[in-house]
Amino acid sequence: MTVVQVSAGWVPLAAALLLTVATAAAALDGVLAARAGGRPLGEGLLTPAAETARLFRQRRRTTVAADLPLQRIGGAGLLTAALLMVTVVPFGRWTVADLSVGVVWFNAMDVLLWAALWLAGWGPNSVHPLVAGHRFLAQALSYELPLMFALTTPAVAAGSLRLGDLVAAQSGLWFVVWMPVAFVVFCAGVLAFSAWGPFSAALGGGATGGVLAESAGVDRWLVTAGRYALLTAGAAFGATAFLGGGHGPLLPAWLWVLVKTALLLAVLVALRRRLPVVRPERLTVPAWLVVLPLVLVQLLVVSVVVVVRG
Amino acid sequence: MLSGIVFWVLAVVAVAAGVAVFRVDSMARATYALAASFVAVGLSLLLLDLQFLGVMTVLMMVMEMAIMAIYMIMFMGMNPALMPMSMVHGKRPALLISVGTFAVLATGALLVPWPTRRGAPAADLVTSLGEAVMESKMLVMLTVSPVLFATIVAALVLALPRSRYDRLGADLRGRADR
Amino acid sequence: MGLIGRLAARRTAVLVAEVPGWARTRCAVEQQVRSRGWRLADSPADADLLVVCGDPGPRFAAALDLVWAQLPGPRARAQVLDPAGVAAALDDAAAQLADEAAQRHDAGARPDEPPQGVPATDTSIGADAADAPDDDAPDDDAPDDDAPDDDADGAAPPAWDDPHPGSTDQDETDQDDGEAPGADEATGDSDHDGDTDDDSMGDGDMSHGDMGDGDMGGMDMPMPGGIPLAGGAGDEELPDPDGLDLDVLHLPLGPVLPHWPAGLLLHTTVQGERIVAARAEVLEPAADAPAGGSLHGTPAGRWDAVATLLALAGWADTAAAAARLRDAALTDAVPERESERLARRVRRSRLLRWSLRGVGVLPEGDAADRLAHWLAGTAHGQPITLQQVADLVTGLDLATARLVVASLDLDTTAREPVPVEGA
């Protein structure tokens with residue numbers, strides 16, 4: 001299966017697709033919240049629409065001596081990074097940008113979030129967002145290196161950084177089967193750069209709203225929507241790099257990508273309510289002393305297999 | 001045509017953001033103006049088909065600037081956004097050095113007799129470049145890189161034997177054992 | 001009301017402020033919020049409704065006014081004095097939210113510039129906090145003088161009123177070293193279309209310069225936005241464990257803060273994100289609370305404490321389950337099976353234990369131990385003073401301090417010493 005680059009005219013459609021799937025993720029989160037609260041599940045389905053209506057109706061607010069440009073650049077950064085991430089992910093036979101270094105591109109876009117969340121925290125000139133922004137960077141130092149090596153693993157196995165080649169290399173066996181550690185670390189990395197679930201300390205996992213503590217209206221919407229879009233982009237990349245992308249029986253390739261992305265995304269969304277938040281200052285030690293060696297061993301095993309197989 | 005427009009846009013952004021580094025009056029803005037400048041440079045590398053280098057530049061520079069901002073604030077101890085301050089120190093020598101460097105490099109670029117192309121570029125540029133650069137020294141290179149990495153890690157370990165949480169636990173009260 | 005308004009009303013975010021002694025009312029509000037499919041707000045910026053449970057005293061009322069000024073709007077405010085009146089009050093507030101004409105009028109009447117707090121120069125917060133006194137705080141302390149009518153511009157020295165208003169670049173003639181009072185970008189931006197920032201709600205700003213140690217000499221320094229700069233720590237502060245000389249800020253935590261003991265106001269001095277000095281007090285209600293308003297020592301109180309701690313630990317599912325058990329305990333008996341299941345689930349979580357281990361260590365144990373006792377129902381009251389609370393949070397970062405305070409399950413209705421449930 002070869003991947004072809006579509007013309008730039010398809011870009012809005014790709015963005016709309018990402019936002020649609022992200023909305024579905026938000027609806028799923030709403031349903032899970034309704035279940036936890038003992039409410040009818042259908043009520044939760046409307047959560048993304050209701051929250052969007054609420055935030056679009058709300059006034060924005062500023063704080064004293066805020067650095068508004070930086071705050072807004074940071075706030076818009078999440079959604080932007082997510083949109084840029086999915087440009088390299090092939091949707092069945094088509095891709096928006098057939099970059100020969102797609103894996104590195106994805107990695108570079110997730111590093112943009114370091115800047116985005118820190119700026120969003122710095123801008124309001126207020127204690128809680130500022131602290132949360134710094135805490136996100138502390139967390140980033142813990143997750144980024146394991147994530148990088150987890151991204152390297154499938155690239156080594158496929159002998160290419162192009163996502164199309166990664167998919168082609170999985171025609172027989174999905175990468176997740178023989179690199180499970182890298183897959184799990186990658187999923188944790190997606191949760192971490194989306195500041196989601198156990199890694200949501202920077203975005204209000206528990207205390208006073210985090211980076212969002214001073215944001216209202218459309219500023220808050222951008223960050224909230226950006227978070228779901230990031231999870232979606234991460235799930236789409238994971239489905240492509242580890243779960244075989246478009247490979248599968250009967251269904252067309254694009255539908256397989258969609259199904260796999262949706263399943264992975266559902267798992268990531270559901271994890272949010274099932275786990276407590278990990279405090280960033282306690283994360284560093286296990287991340288560097290346990291996870292990093294584990295993923296390096298995984299990389300070594302994969303490399304040896306690749307060399308032996310020729 | 002299109003790549004010409006893209007190049008000029010990126011070039012202007014890179015230079016303008018570079019100038020902004022010295023013109024803005026807050027540490028956060030200066031840092032991220034520098035990051036924006038580097039991102040524009042990295043993206044313009046994509047135009048030269050140096051995709052890996054270009055994307056790597058974006059990745060490294062954003063990461064680096066994010067950390068640099070923390071260090072600046074940590075050591076300056078300044079209030080965010082509140083305190084406007086000049087981002088320029090030691091103006092005169094800095095100006096002299098930078099103008100001098102620019103002049104030397106520019107004259108070099110203009111005066112050096114650039115060689116003309118002989119033969120055609122290889123099919124796999126990266127591989128052939130790597131072989132041209134270090135074919136005979138591959139073993140040395142392979143040894144040097146882990147040694148360098150180990151040195152960095154060892155230096156860090158020596159410089160910071162124990163973190164604040166190791167010394168003091170979750171409760172950071174008490175005098176650090178300095 | 002249009003479709004947008006009707007949709008928005010489904011997700012109304014409610015900020016609940018509990019006056020000491022009205023815990024039952026607060027629980028009733030939370031239960032109503034859940035049953036309407038609404039949600040609790042994280043911060044004033046997140047909230048549509050401010051619901052005050054109880055009858056606040058003057059200082060508490062002033063703090064509430066500040067929080068009210070921080071709601072972005074459309075906004076509505078309600079006061080509830082007993083659990084029976086909750087449903088009606090929320091209906092009324094929802095109607096206010098939906099009244100677009102009134103909301104437009106409210107938005108038009110609000111000032112363009114965010115109101116801001118008074119620098120700590122005028123008060124004794126800095127010195128008080130550092131000395132951690134045990135006297136009753138004078139009434140002119142903290143939240144009152146954060147009043148929004150503060151004349152900030154008048155306080156700005158000429159150095160700040162630079163000769164190039166609106167210019168966004170440094171003047172060429174500025175000095176080479178930092179602190180050049182050039183034209184300001186950060187505050188020159190006049191694009192204030194929202195409003196307000198101030199704290200008294202823990203959602204604080206950076207507006208309190210540290211003038212507690214007078215050697216910083218605030219008057220000859222520029223004051224961006226009329227705010228004196230934070231200074232380095234004086235002798236009375238704790239040394240930074242990494243040897244950094246970070247600015248100190250005075251940050252009040254409470255009295256209106258989600259998952260926070262009713263009426264508790266914690267004056268903290270923070271350096272970086274670390275609390276270097278703290279002083280705790282309780283803001284009093286205007287009148288005595290109705291008898292039986294407090295939940296402490298009842299099964300509902302235990303589940304309330306569990307829900308609070310779990311919510312702060314960021315575990316949404318179990319926090320919601322604990323809140324439901326609490327509401328069940330308030331109306332009739334706690335369902336045995338569900339409570340047992342929840343307790344097992346919480347106890348099994350290694351992630352949570354790892355997160356709470358070593359937090360808020362008292363002679364009887366840490367936060368994880370206290371949670372285990374609440375879950376097992378074996379907790380009994382242990383006296384803890386406000387001074388002890390302040391001591392416990394000193395030296396911690398802000399997030400850990402929140403966990404510690406939640407793990408103490410303070411009863412702010414009682415006079416000192418306040419009983420805490422522990423092993």
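**View 1. Domain 1 and domain 2 of chain C, with C-alpha centres 26 Å apart.** The model shown here and in the other views is predicted. Domain 1 of chain C covers residues 3-109, and domain 2 covers residues 299-422. Six residues from domain 1 of chain C and seven residues from domain 2 of chain C make up the contact. On the side of domain 1 of chain C that touches domain 2 of chain C, two residues are nonpolar, two are polar and two are charged.

**View 2. An open, parallel sheet of four strands in chain C.** The strand order is E2-E1-E3-E4. Strand E2 (39-40) and strand E4 (76-80) of chain C each have a single partner strand and stand at the edges, so one side of each has no neighbour in the sheet. Between strand E3 (residues 49-53) of chain C and E4(C) there are five bridges, in the parallel sense. Within this part of the sheet, C:Ala78 in E4(C) is the residue opposite C:Val51.

**View 3. The hairpin of E6(C) and E7(C).** Strand E6 (residues 264-271) of chain C runs antiparallel to E7(C), and eight bridges join the two. Among the bridged residues, C:Thr268 has C:Ala278 in E7(C) as its partner. Two residues lie between the strands of the hairpin, where C:Gly272 takes a positive phi near 65 degrees. How many residues of strand E7 (residues 274-282) of chain C are buried? The count is nine of the nine, so strand E7 of chain C is largely enclosed by the rest of the structure.

**View 4. Helix H9 (residues 299-312) and helix H15 (residues 398-408) of chain C.** A pair of packed helices is described by the distance between the axes and the angle between them. For H9 and H15 of chain C, the axes come within 9 Å and cross at roughly 170 degrees. H9(C) is therefore roughly antiparallel to H15(C). H9(C) contributes C:Thr308, C:Leu309 and C:Leu312, which meet C:Arg402, C:Leu403, C:Ala406 and C:Ser407 in H15(C). By class, the residues of this contact of H9(C) with H15(C) are four nonpolar, two polar and one charged.

How values were computed
Residues numbered from 1 in each chain as written. Chains lettered and ligands numbered in written order. Predicted model: local features only at pLDDT ≥ 70, side-chain atom pairs only at ≥ 80, totals over all residues. Domains from an automatic or database assignment. Contact = placed C-beta atoms within 7 Å. Nonpolar A, V, L, I, M, F, W, Y, C, P; charged D, E, K, R; others polar. Pairing = 2+ DSSP bridges. Buried ≥ 20, exposed ≤ 12 C-beta atoms within 10 Å, placed from the backbone. Axes fitted to C-alpha atoms, helices over the stretch in contact; angles between N-to-C directions. Parallel < 35°, antiparallel > 145°, perpendicular 65-115°, else oblique.
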